[in-house]
Amino acid sequence: MNLSHRRTAAARLRIAALVALPVLALSVGCGGDDGAGGTKKSDVVADVPDDAKPSASQDDEKGPDKPAAGRSEFYDVQVKYVQCMRAKGGYPDFPDPRLSGYLDWDRINEIGSQPGRNEGIKGGKNGACVTELRATMDAEPKIDQRKAYESMLAHAACMRDHGVSRFANPTMSGGIAQPGGDPNPASPTIDGDSPAYKKAREACRTKLLDGLDGMQ
């Protein structure tokens with residue numbers, strides 16, 4: 001799957017990776033057609049696994065003197081991050097956050113997929129906006145991992161219903177929802193640039209909860 005649509009880790013794993021690296025980049029993949037021989041949708045629809053339970057959030061770790069961040073705060077820190085990305089991060093066309101506070105990852109990844117524009121698409125070139133990015137992570141509302149899994153599962157089924165037969169289900173690992181998508185990211189079999197794929201993705205967009213768009 002291409003850069004615009006394949007995330008290789010769930011939201012919390014993505015956060016950990018971003019915090020660890022001073023200069024951040026997206027993983028880039030390229031794939032072939034989603035042709036014959038793909039797994040049938042009826043063969044891969046799964047039940048919610050037993051370990052798909054809400055996990056402790058960052059809010060739980062902040063302690064009594066640090067109340068949980070509200071959605072308004074999340075939006076405000078995202079605005080500061082976007083402003084940094086435009087002014088110092090090297091991306092003057094970085095999109096506004098949505099009213100929910102979450103970013104438009106489809107648009108961001110589309111920008112990052114342009115020639116020469118992948119470096120620093122998440123943290124700014126030379127890590128210019130890593131501090132602001134970390135602030136958005138601290139303020140991000142808790143994600144119910146069971147609901148996240150169910151949302152991604154519904155999205156995966158919808159993608160298969162709309163012709164992307166190889167689109168794999170999400171999984172659970174340690175209570176964290178891991179996104180589905182291309183069953184073999186190292187050697188992609190789904191062409192995320194194909195008109196059929198884009199049409200399916202648009203049809204299934206509403207299946208994903210806020211904050212999960214662009215995750216699978």
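**Cysteines and a helix**

Author: C84 and C129 are both buried, meaning under 20% relative accessible area, where exposed is over 50% and partly exposed is in between (1.4 Å probe, protein chains only). This is a predicted model: local features need pLDDT of at least 70, side-chain atom pairs count only at pLDDT 80 or more, and totals for chains, interfaces and linings use all residues. Residues are numbered from 1 along each chain as its sequence is written, and side-chain values use heavy atoms, with hydrogens and water left out.

Reader: What joins C84 to C129?

Author: A disulfide, with an S to S distance of 2.1 Å. The term here is a pair of cysteine sulfur atoms within 2.5 Å.

Reader: Where in the chain do C84 and C129 sit?

Author: C84 is in helix α3 (residues 71–87). C129 is in the loop between α4 (105–112) and α5 (130–139). They are 45 residues apart, so the pair links distant parts of the chain. Helices are DSSP runs (H or I, at least four residues) and strands are too (E, at least two), numbered from the N terminus.

Reader: Left-handed or right-handed?

Author: Left-handed, because the torsion about the S-S bond of C84 and C129 is about -95°.

Reader: How many disulfides is that count?

Author: Two disulfides by this rule. C158 is joined to C204, S to S 2.1 Å. The torsion about that S-S bond is about -85°, so this disulfide is left-handed.

Reader: Which helices hold C158 and C204?

Author: C158 lies in helix α6 (residues 145–161) and C204 in helix α7 (residues 195–204). The pair therefore ties together parts 46 residues apart in sequence. C158 and C204 are both buried.

Reader: And the pairing, in sequence order?

Author: Number the bonded cysteines of the protein chain that way and the pairing is 1-2, 3-4.

Reader: On to α6. Is it mostly covered or uncovered?

Author: Mostly covered: twelve of its 17 residues are buried. Among them are Y149, M152, L153 and H155.

Reader: What does α6 span, first C-alpha to last?

Author: It reaches 24 Å, close to the 24 Å expected at 1.5 Å a residue. The expected span is 1.5 Å times one less than the number of residues.

Reader: What caps the N-terminal end of α6?

Author: D144 does, with a side-chain oxygen 3.0 Å from the backbone nitrogen of R146. G163 follows α6, and its phi is positive, near 100°.

Reader: Last one. Is D106 buried or exposed?

Author: Buried, with a relative accessible area of 11%. D106 is found in helix α4.

How values were computed:
Polar contact = N/O pair within 3.5 Å; in protein donor to acceptor, adjacent residues only side chain to side chain.
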